[in-house]
Each structure stands twice: as C-alpha cells, then as structure tokens.
Amino acid sequence: MTSSDDAHRVLIFDTTLRDGEQSPGIALNTQEKLEIAQQLARLGVDVIEAGFPITSPGDFEAVQEIARTVEGPVIAALARTHVADIDAAWNAVRDAARPRIHTFISTSDIHIRHQLQTTREDVVGQARAAVAHAKRYVEDVEFSPMDATRADVQFTAEVCRAAIAEGATTINIPDTVGYTMPHEYSSYLERLYELIPELGDVVLSVHCHDDLGLAVANSFAGLLAGARQVECAVNGIGERAGNASLEEIVMLLHTREADVGLHTAIVTREIARTSRLVSRLTGYAVQPNKAIVGRNAFAHESGIHQDGVLKERTTYEIMDATTVGHEANSIVLGKHSGRHALQQALAELGLELSGQALNTAFKRFKAIADKKKVLTAMDLEALVTDELREDVAAYHLEWFDVEASSRRPPHATVGVRTPSGEEVTGSFTGDGPVDAIFRAINAATGADARLREFRVDAVTGGQDALGETSVVLEVGGAGPASEPVVGAGQGVSTDILEAAGRAYVRALSNAMRRRGVMAEAEAATAAAKEPIRTP
Ligand code: KIV
Ligand code: ZN
C-alpha cells in the first residue's frame, strides 16, 4: 500500500516493540514480543517496527522470529546509517513476506555537533550511502532525519532529497524530543513539500514524542498537512514521555472521519484487548482516565450524565465502548467446563493449544476455577498471559508458606523449580509478607535480584476477582564493570501473595535469560569502537 492507492488512507506504523520497548523498565522476551506482534496483526496495523537488531542478539532474535511468523503487516527493523546496522536489520527481517529497513541519522545541528561530532556534509553522505546500501537488499526503505523539528528545514530537505534519490520509499519526520507544536509541525511539513518536489511520490510519515503532551495533536497536524503514515505505540509508550498513542490517533480519525476524511484499516474492536496485553506484558499500567483505553474512559459518575446516557447513549458518549472492544466481559467458563471448552475459548483469544501444553493449561485452569466459580473472557485473557502459558527454561514457584502477623516480622519459605528441573528452597524474614516471599525466592535461587517496581490490580470487579501483579526487578550490576539487567514479569491468581511470587519468579527468569544474552552480546561487540545509542 502506498499513498497513491487511496489518497485518504492513513498507514498505521506501530513502534510499540521498538520505541515503546525503549521505555525504562520494559524488558520483553522474544515470546512476549511475538505475542504482541500477533495481536498487532489482528489489530490490523500496516507496519510493525519489530526492533533494532544491532543493539543485542535478543533484539535480533525477536525481530527475526516476528518476521518469520507474523503474517499481514510489513515487518520493519531499525538501523543507524552504519553498514553493520543495515546488515543486521536485513538479516533479521529478510524472511518476512514484506520486509522494510528503517534507517535514520540526525539533521539537527545540536545532534550533529554534540552527538555525532561530524559535519552536515558527512550527514548527507551517510544518509545517501545508508539508503543505497539498504536498497541493495529490499525495495521498501524508510528514512528518518532524526530531531528534524529542531533542525534547519533547508538542510533536512537536502538530506531527504538525497535519501529519495537513492530510493527511499517513506520519509519520516520525527519530533524526537517532543518539542514542536501543531501549527509549527504542519508548516514544517508544508515547507518540506515545497523544497522537495519528489516528496509527493513517496509516503510522508510523522513520528511525534509526547514530552509536552502534544504527540497526538502534532501527528494529527502532520496528517492534515499531507502525511499518510503515522508512527505510534499502543498505550502511548516510548522513550521518556512516550510516543503518540495508537488508540488515540486511530479513534480520532475514526470518530471524526466525516469531518476529516481520513481513515485507517484498524480493527477497532481489538483496541482494548491490545492495550491490556501490552500493559500486562510491559508492566506499564494504563491510567484510569486515559483516553480510549482507560478503565474510566466510558464510565459516567455524575447523576446527570448517567441519566442522560440511560435515556440516549449519545448524550454524553462520542464513541461506543463496544467499538473499541470494551465490552468483552461475558461468562465463558466455570469449574465444570471441559478441556475442549477451554481449548475453544483460548483459540478465540488467539492461543492455539493442544497435547501436553493443553493438559498443563487445563490443570491450572481447574485449580483456579475451583476457587473462582466463574471465569470471564477478561479473566481468561489475564490467565493466558500468565499461568496458562508453558514457560520453558524458567524458574517456577512450586509452593510457599508465609507467616504474617502484626506482632512480629513476616517469615516466608518457598520452593522453586529451577530451569534444570531441581527443586530448591529458601527462607527469609522480611518487612512484609510480599517482601519476605521475594527475598526467600532470592535465597532459594541464589539470585542477587532487587525489586524496582511492584503493582497489584484486580482483573475484574467482585470479591473473588483475580489479582494481577506485575514485578520489575534488576539483577547484577554490583561490580563497577557490569550493568544491571532488568526483567519484568506478571502473575495472576485468586491469592495476591501467590500472584506476587509468580510474577517475581517470571521477572527473575526474564532477567536471567537477558543476562545470558547480554553476556553474549558484550563478548561479540567487545571489539566494536562505538557504543550503540538508542534514539
Ligand atoms: O524519535 C525518533 O527520532 C526515532 C527515530 C529513530 C525515528 O525514534
Ligand atoms: Zn522516537
């Protein structure tokens, strides 16, 4: 799809797995990235930016796996203008049905002088050479002049012209530091159209950060100025204050289509579920009043509003909650449901299980259904991202005992199965029952893990609601030479302490896996002269 196929169609370029994954504390493993990518395909995004392959073997592996498995969207990989970056990007996406290489270099003098420590002339040369090199591999090449909104527009135009001359098919104009304003951004793009006559032959794209809370407004201004690709992330996650939120820009175009005349191919009913999955796997909570996907986005508190909505929904609602998939709370399963019913319900959530994996999932489902009589679609969805998934090569919390009292410090003992199958035990007297469990897990596994974030939520309402916990921890980094490695994990159970313990061992497994991968990466790049900086 190019801009010329339908002049009013906006391409949705999702960067949740690349710019979004650069948010502090997010540490997705390959399996989790793949799950998100599969859901993004169901959501109907046009492009998935799957990662930045040169940065680590883990990133490379995840992009490659997504390219090989996920059908539908274009799969893009990010690369600086260096030959090694472009080669890594190509090797990671080459098996995709529709691969894209996205290469970038800064055009602002601040970046050229202080970060790149080079000259404008060199930047033009690097942009030209990078696009030419990428073009040897693939037809679909995107070029971004980083920090464009703080750069001289004439110089940015010169660099973009060079990129187009070498065959770039998309030109993306990033507001890297979230500095621009809607009227300024649209003027900037209009000026680029004047300076680059060839811009009309390629797709113009917008990429806005939210440092001043203007990412969606700026992206929208860019679309009104003629851009036909918007780069965004689910729940607006991304560097610092994040990227333009996918759900907000999509629903803006959807709700105001009659006035704006632009549309996307997004399956809007998948939005809420995609948001929940990303929140769960990244550990990034969605604020209750967040537009479109917040828990209160469609709730009416004032009596006058409730009265109006009961009489006629449109009195106080500009969108129908079902349009974004908020209603999915129907009863699906109970403790008498059989294996087949579970298998079917999971398939509806996009998880095909059979054989031993289905048996394991069924055993865990039964244990939960015994305590919680009725499981809704949302409960099942939460369980799918935790207990119903077979996690190989990981730690498992087998059992725990906690003695909690207001008169003496709580004491916990845990049994953890290690990745090699052995059961190890550990005990700790902590500040609270959760702290005692976490430190008992450290004692059992010998891990030097430190808790960074801990969150507890209820999946649905009601006294027997499932508790959902999210843990971010770090391991290592004690010595001067070693960097700490971050791991995130989630746990779901009717028992909050159990959910917390599960989340902790999963986060620990992810951090340990990452540490293994990073150790390999360090060895492989030891000879490299330049450190890799993510944009
Ligand atoms: O914000 C930015 O400039 C980026 C580029 C790599 C597109 O993320
Ligand atoms: Zn960015």
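## Briefing on selected helices and buried residues

Asn235 counts as buried, because its relative accessibility is 12% and the buried class covers values under 20%. The model described here is predicted.

**Loop residues with positive phi**

- Asn235 is located in the loop that joins β8 (229-232) and α9 (246-255).
- Although Asn235 is not a glycine, its phi is positive, at about 65 degrees.
- Asp147 also is not a glycine and has a positive phi, of about 60 degrees.
- The loop between β5 (141-146) and α6 (153-165) holds Asp147.

**Arg18**

- Arg18 belongs to the loop between β1 (11-14) and α1.

**Packing of α1 against α2**

- Helix α1 spans residues 30-43 and helix α2 spans residues 57-69; the two pack at an angle of about 35 degrees, and their axes are 9 Å apart.
- The crossing in which α1 passes α2 is right-handed.
- On the α1 side, the residues that meet α2 are Thr30, Lys33, Leu34, Ala37 and Gln38.
- On the α2 side, the partners are Gly58, Asp59, Glu61, Ala62, Glu65, Ile66 and Thr69.
- Sorted by class, this contact comprises 4 nonpolar, 4 polar and 4 charged residues.

**Helix α2: span and cover**

- The 13 residues of α2 reach 18 Å from the first C-alpha to the last, which is close to the 18 Å expected at 1.5 Å a residue.
- Buried positions in α2 are Asp59, Ala62, Val63, Gln64, Ile66 and Ala67.
- Asp59, Ala62 and Ile66 are buried and are also among the α2 residues that meet α1.
- The elements covering the buried residues of α2 include α1, β2 (47-51), β3 (74-79) and α3 (83-93).

**Helix α11: an enclosed helix**

- Helix α11 (residues 271-282) has 12 residues, which should span 16 Å at 1.5 Å a residue; the end C-alpha atoms are 16 Å apart, in agreement with that value.
- Because 12 of the 12 residues of α11 are buried, this helix is largely enclosed by the rest of the structure.
- The buried residues run from Ile271, Ala272, Arg273 and Thr274 through Ser275, Arg276, Leu277 and Val278 to Ser279, Arg280, Leu281 and Thr282.

- Glu468 is placed in strand β15, which covers residues 467-475.
- Glu468 has 12% relative accessibility and therefore counts as buried.
- A polar contact of 2.3 Å joins the side chain of Glu468 to the side chain of Arg280, and Arg280 is one of the buried residues of α11.
- Apart from neighbours within four places in sequence, the residues in contact with Glu468 are Arg280, Arg455, Val456, Asp457, Val459, Gly491 and Val492.

Terms used: Residues numbered from 1 in each chain as written. Chains lettered and ligands numbered in written order. Predicted model: local features only at pLDDT ≥ 70, side-chain atom pairs only at ≥ 80, totals over all residues. Heavy atoms only, no water. Axes fitted to C-alpha atoms, helices over the stretch in contact; angles between N-to-C directions. Helix = DSSP H or I, 4+ residues; strand = E, 2+ residues; numbered from the N terminus. Left-handed = near helix turned anticlockwise from the far one by under 90°. Contact = heavy atoms within 4.5 Å. Nonpolar A, V, L, I, M, F, W, Y, C, P; charged D, E, K, R; others polar. Buried < 20%, exposed > 50% of the residue type's maximum accessible area, 1.4 Å probe, protein only. Polar contact = N/O pair within 3.5 Å; in protein donor to acceptor, adjacent residues only side chain to side chain. Expected span 1.5 Å × (residues − 1).
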